[in-house]
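Please look over the model below before reading the notes. They are arranged by topic.

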2 protein chains.
Amino acid sequence: MQNNVRIQYQELRSWAEKCLVTAGAETKMARVMAESLLAGDLLGFRTHGIRRLPYNVKQLVTGNAKATGTPTVVKSRAAVAHWDAEHLPGLYVMPQAVSAAIDMAQTCGTGTLVVRRMEHVASLAAYLEQATAQGLLINIVVSTPAQASVAPFGATSRVFSPNPYALGVPTSSAPLLLDMSLSVTAAGKVRQAYDHEELLPWEALVTAQGEGTNDPASYFGEAPRSALLPLGGLDLGYKGYGLCLMSEIWTMALSNYGRVQGASDGECNTAFIQVMDPEAFGSSEQFLHVTDDLLQRCREATPIDDSAPVRIPGERAAALKAEQLALGVSISGLTWQKLQRCGERLKIAPPQSVTEE
Amino acid sequence: MQNNVRIQYQELRSWAEKCLVTAGAETKMARVMAESLLAGDLLGFRTHGIRRLPYNVKQLVTGNAKATGTPTVVKSRAAVAHWDAEHLPGLYVMPQAVSAAIDMAQTCGTGTLVVRRMEHVASLAAYLEQATAQGLLINIVVSTPAQASVAPFGATSRVFSPNPYALGVPTSSAPLLLDMSLSVTAAGKVRQAYDHEELLPWEALVTAQGEGTNDPASYFGEAPRSALLPLGGLDLGYKGYGLCLMSEIWTMALSNYGRVQGASDGECNTAFIQVMDPEAFGSSEQFLHVTDDLLQRCREATPIDDSAPVRIPGERAAALKAEQLALGVSISGLTWQKLQRCGERLKIAPPQSVTEE
């Protein structure tokens, strides 16, 4: 196994951009796509970061992803809009959608966008700071109409995609950034455990016999395969089931594009993006006071383990981002091998600043 | 123990209304309050139904709840508003707030209200059908600034109130209605188990030693007492912790009224109410098609137990409501004893149609 490497952020971004341009993307699109992928790595969401560059290159080369154009506005009202991305890269469309939601929030108090048929958006955490940096709240829900991975509560068969929920909140220091699946764990974590021949740390899956299991092989093996359990698991999964229903209705039903319409859309995502302006409800300053006070109460809560004080979601991500911008983006040996092969196929010279860790 | 009873809905509503008028509420306010309480019972949320009448009577009699007036608009923008209820009954203010959110949604696509300082709102499920009956989506989050019951992930001490999340979605048949706490279980369930000297069905609590427990006595006994675990429990509670943060920020931070400002507000609630109009995003008809298709996929999922097919949240509530409107509202013997005492103190003759079950 190759060692992990570090590569200077700007150089890696520029290299990824060249790969995407060579694969067919417009220069501006390539730049935004590279930034969206690396924003995930900077915050520590490596399963959905630069690791997904080869997939995006492939989608552009094969024409599955559109390399040019803008989303179509299907419908809109003062505080909402519905876009059809018609297979444009989600990495490119998401920042535009957040920007449009911000504009509406600044006028109406909230701005809500539903965007269908984006190529895979990767890490939702990557899109939160665009709003929090302007003092705005944001929440994002994403689903995948062609995927079924998560069982409803009380069932063994797969209905929902492993939908993530993300939340960004401005504070007086680092923003609160949350990005999590509404199932017991994300499908990517099951894949990771399977690849490393490890068991999952929890019974995240339900077998065809209706029993909980932590064996990822049951999920990928021969039929009948296991399904991901909704958050709450075998006992309390009616809560995660409710959240999965919410996430698919807010995305697929609001965009009128569900599991029938999107059955052959592969990894295409539908997103629900909502931005809220604290100034529309009250005072931004008081908003920060109340938020800071709440987070301080969490930090001061008695920890179960004295050496592990309560953490605020996003704090570690902010530290990791600062560190990686200074020292270079950290990439696993396996991912770096795949990126090198991707660059070679496109005949793009590798970045210069690669150092082994 | 007295047997359960049934009382005709209209008669029980009228009796509750008389109690509230005698306690000091305006006629219109009393009527809306009685309807809000009974809406919880009709849907099966009995811990937050007519059982809470004596509490509401007490709050009116003592002057803790304001018996007249309307909420003050603190601030508003096209699609949002912030109200201060100044201790008006939440049972009275909530339907007005949902109505205002509906009006904004019909103009702007979404309508979002934050309402602070309402006396306890009881069951959130009671307020959902007002929106779903008009083909609109609704979600509600509520917190209680003066209460701390739920531990942050990794902690043993209490920070958050046991905040509920509710969701209402129109379908072609009964609306999808969800009303759940963002902790492993609701505080009311812990109280219920304690009163019946039973253990909880799950380890919903964390002791001061950092261990999970299902013993409700640990929650009410002498210090150091246990705390409610966030949804996900000891292993995956960072997800529920994130949802608790969301719920307190959307309510307390947006209303600029947090745990410092509301420290002595007892059971007063702050609510975040959001209504969305599917017609603003696309076609209401297509919205229903996609929603119906998703719910049908859930119903058809392979059940763990053949005799227990997958349920849609709200289906059982709709059946229960129809049954109780026909046969009378079902009330436990214990609750009926308390209601009788409440009526006697106010010198209101009991309903005629009481039948034992």
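This is a predicted model: local features need pLDDT of at least 70, side-chain atom pairs count only at pLDDT 80 or more; totals for chains, interfaces and linings use all residues.

**Domains of chain A**
- The domain assignment divides chain A into domain 1 (5-184 + 229-284 + 316-356) and domain 2 (185-228).
- Between the C-alpha centres of domain 1 and domain 2 of chain A the distance is 24 Å.
- Contact between the two domains of chain A involves 15 residues of domain 1 and 18 residues of domain 2.

**Largest nonpolar core**
- The largest nonpolar core has 106 residues, and the members touching the most others are Tyr165(A), Trp250(A), Tyr165(B) and Trp250(B).
- Both domain 1 and domain 2 of chain A supply at least three residues each to this core.
- Apart from neighbours within four places in sequence, Trp250(A) contacts Val114(A), Val141(A) and Phe272(A) in chain A, and Leu137(B), Asn139(B), Tyr165(B), Leu167(B) and Met276(B) in chain B.

**Helices α1 and α3 of chain A**
- Two packed helices are described by the angle between their axes and the distance between the axes.
- For helix α1 (residues 9-22) and helix α3 (residues 53-61) of chain A, the angle is about 25 degrees and the axes are 9 Å apart.
- Because angles under 35 degrees count as roughly parallel, α1(A) is roughly parallel to α3(A).
- On the α1(A) side the contact is formed by Trp15(A), Ala16(A), Cys19(A) and Leu20(A), which meet Leu53(A), Asn56(A), Val57(A) and Leu60(A) of α3(A).
- Seven of the residues in this contact of α1(A) with α3(A) are nonpolar, one is polar and none is charged.

**Helix α3 of chain B**
- Helix α3 (residues 53-62) of chain B is largely enclosed by the rest of the structure, because seven of its 10 residues are buried.
- The buried residues of α3(B) are Leu53(B), Pro54(B), Tyr55(B), Asn56(B), Val57(B), Gln59(B) and Leu60(B).
- After α3(B) comes Gly63(B), which has a positive phi near 80 degrees.

**Gly232 of chain A**
- Gly232(A) sits in the loop that lies between β10 (227-228) and α8 (233-253) of chain A.
- The relative accessibility of Gly232(A) is 24%, so this residue counts as partly exposed.
- Leaving out residues up to four places away in sequence, Gly232(A) touches Val184(A) and Gly237(A), as well as Leu231(B) of chain B.
- Ala204(A) is 28 residues from Gly232(A) in sequence, with a C-alpha to C-alpha distance of 9.6 Å.

How values were computed. Residues are numbered from 1 along each chain as its sequence is written. Chains are lettered from A and ligands numbered from 1 in the order in which they are written. Side-chain values use heavy atoms; hydrogens and water are left out. A nonpolar core is a set of buried Ala, Val, Leu, Ile, Met, Phe, Trp, Tyr and Cys residues joined through side-chain atoms within 4.5 Å. Buried means under 20% relative accessible area, exposed over 50%, partly exposed in between (1.4 Å probe, protein chains only). Domain bounds come from an automatic or database domain assignment. Contact means heavy atoms within 4.5 Å. Axes are lines fitted to C-alpha atoms, for helices over the stretch in contact, and angles run from 0 to 180 degrees between N-to-C directions. Helices (H or I, at least four residues) and strands (E, at least two) are DSSP runs, numbered from the N terminus. Angles under 35 degrees count as roughly parallel, over 145 as roughly antiparallel, 65 to 115 as roughly perpendicular and the rest as oblique. Ala, Val, Leu, Ile, Met, Phe, Trp, Tyr, Cys and Pro count as nonpolar, Asp, Glu, Lys and Arg as charged, and the others, Gly among them, as polar.
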